[in-house]
Amino acid sequence: MRMWFRKLAQVAALMLGLVCLSVEASPSVATQGYLLIDEYVDRHPEQRALMTQFAAQVQAPAEPLASPPERALRIAVVYPGKQVSGYWRRSDMALARRLERLDIPFEIKAFFSRPGEDLDLQEQQLADALAWQPDYLAFTLDALPHRRMIERILAKQQTRLILQNITTPLADWHQTPPFLYVGFDHVEGTKLLAERMFEIIDYHGKYLMLYAAQGYVSEMRGGTFEAAAAEHPGIDQVEAFYTYADASRAYRATHVALKQHPDLKMIFASATDTALGALRALREADRLDVLINGWGGGKAELAALQKGELDLTVMRMNDDSGIAMAEAIKLDLMQAPSQVPHIFSGRLELVEHSVSPGVLEHLERRAFRLSDLAIDSEEKSGEEGDVKSDEGGSGDLEGDHDLEEDGI
């Protein structure tokens, strides 16, 4: 009978445009060969001191470059920023503001697309970015096709490649590594969430897994949570869906799961947009008793926490990643690339709905210390300064709503 209900749920999911997985399914196909930070440092012990020193440099005030380059640096970023979330755009802003404070002349050309779906567009955007002949190129690695795109860039060595939102190096690239892996440790953040969520439900109950897109982020977040849950016999995953970090898909998936499993106790959401879509379904069903997390701790997640609707999130000190990119570029210009660690992983904080307003305000000041300043400046001036954006046909992204949330 249980299998019949599961099949019915999967048929309903397909009719609603969702990708439903069996509970035995795994999104790990695209993530083989990655080394977790501790494993990488064990293989490269010299990196530990470099990472510590560089992290201190990121947290310290900017020290302007003594001899700035005569021409403006060209920096291209190709990001899945076509989502409600603001993580990618805030990263751009933090990078730009830190470069300004370092007295480094620059021009940033940004290309945005949707996460997990616009792969053909991303490939074209990469080609357009490379045709611009940038000194530095920031990209990400999530879906399997990204790996092939990146390997072609690494082989040609035409630009310094920064891989954003990934802190687990690929073993296959040890001979031709990117200039920097930068972001926030998905595994560490998910373990923080899992430990607390299991404690809250007293290590017993059914949960729904909401992945983001098929690939790296879903495996590192969702896969880590699944592995942790499997250690507790009383915790049972009943459904799993790919939402592609799309709020409407997460809403529909949660709607299906609630109908089939009225005793659902917990939802793990792998991204901000996913969490907010699921939260809408819980609100409409009057099921805010179901435990649900966020991932990233952007403005919308924090607002939902303060309302008591979202239970907890792992909050990135968002601007760390953009500042780290700027500091790595500075060291490169100083002819000291050996001082740039292979990996930079920003700070994470577990935040619950019971957080006091004072503590939350302090965390927000730390997390958005440069990007908030950039937003305030742009609102007053109505200009974007030296950051150019090419949406590549991906739609209108202008307006403050794009900066309200922190996502995948």
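## A friendly tour of a predicted protein model

At 2% relative accessibility, Asn 165 counts as buried, because the cut-off for buried is under 20%. This residue belongs to a predicted model of a protein with 14 helices and 14 strands. Of its 408 residues, 56% count as buried. Among contacts with a separation of 6 or more, 78% join residues 24 or more positions apart.

**Residues with a positive phi**

- Start again with Asn 165, which you will find in the loop between E5 and E6. Its phi is near 70°, a positive value in a residue other than glycine.
- Asp 103 also has a positive phi without being glycine, with a value near 60°. Look for Asp 103 in the loop between helix H4 (87-101) and strand E3 (106-112).
- Is Asp 103 buried, partly exposed or exposed? Asp 103 has a relative accessible area of 42%, so it counts as partly exposed.
- Gln 335 takes a positive phi of about 60°, and its place is just after H12.

**Val 182 and its neighbours**

- Val 182 lies in strand E6, and its relative accessible area is 0%, which means it is buried.
- Which residues does Val 182 touch, leaving aside those up to four places away in sequence? Among them are Ile 162, Leu 163, Gln 164, Asn 165, Ile 166 and Thr 167, and the list also includes Ser 321, Ala 324, Met 325 and Phe 344.
- From Val 182 to Thr 168 the C-alpha distance is 9.2 Å, with the two residues 14 apart in sequence.

**Nonpolar cores**

- The largest nonpolar core has 59 residues. Those with the most contacts inside this core are Ile 75, Leu 95, Leu 180, Met 197, Phe 198, Phe 225 and Met 266.
- Helix H12 (residues 320-333) supplies the largest share of this core, with 7 residues.
- A second, separate core has 30 residues, including Tyr 34, Val 78, Ile 166 and Trp 173.
- Leu 95 touches Ile 75, Ile 108, Gly 322, Met 325, Ala 326 and Ile 329, if residues up to four places away in sequence are not counted.

- Helix H8 covers residues 216-229. At 1.5 Å a residue, its 14 residues should span 20 Å, and the end C-alpha atoms are 19 Å apart, so the two values agree.
- Where is the kink in H8 centred? It is centred on Gly 223 and amounts to about 25°.
- H8 is mostly covered, as 13 of its 14 residues are buried.
- H12 is mostly covered, with 13 of its 14 residues buried.

**Aromatic rings**

- How many aromatic pairs does the structure hold? The structure holds 11.
- One of these pairs is Tyr 136 with Phe 179: the ring centres are 6.1 Å apart and the planes meet at 45°, so the pair is tilted.
- Tyr 79, Tyr 87, Trp 88 and Phe 184 form one aromatic cluster.

**Arginines to look for**

- Arg 89 lies over the face of Phe 112, at 4.3 Å from the ring centre.
- Arg 90 has its charged end over the ring of Phe 368, 4.4 Å from the centre.
- Arg 316 is in strand E11 (residues 312-316). With a relative accessible area of 0%, Arg 316 is buried.
- Arg 316 and Gly 296 are 20 residues apart along the chain, and their C-alpha atoms are separated by 5.3 Å.

Technical notes. Residues are numbered from 1 along each chain as its sequence is written. This is a predicted model: local features need pLDDT of at least 70, side-chain atom pairs count only at pLDDT 80 or more; totals for chains, interfaces and linings use all residues. Side-chain values use heavy atoms; hydrogens and water are left out. Rings of Phe, Tyr and Trp (its six-membered ring) pair if their centres lie within 6.5 Å; planes under 30 degrees apart count as stacked, over 60 as edge-to-face and the rest as tilted. A charge sits over a ring if NZ of Lys or CZ of Arg is within 6 Å of the ring centre and within 35 degrees of the ring normal. A nonpolar core is a set of buried Ala, Val, Leu, Ile, Met, Phe, Trp, Tyr and Cys residues joined through side-chain atoms within 4.5 Å. Buried means under 20% relative accessible area, exposed over 50%, partly exposed in between (1.4 Å probe, protein chains only). Helices (H or I, at least four residues) and strands (E, at least two) are DSSP runs, numbered from the N terminus. Contact means heavy atoms within 4.5 Å. The expected span of a helix is 1.5 Å times one less than its number of residues. The bend at a residue is the angle between axes fitted to the seven residues ending there and the seven starting there.
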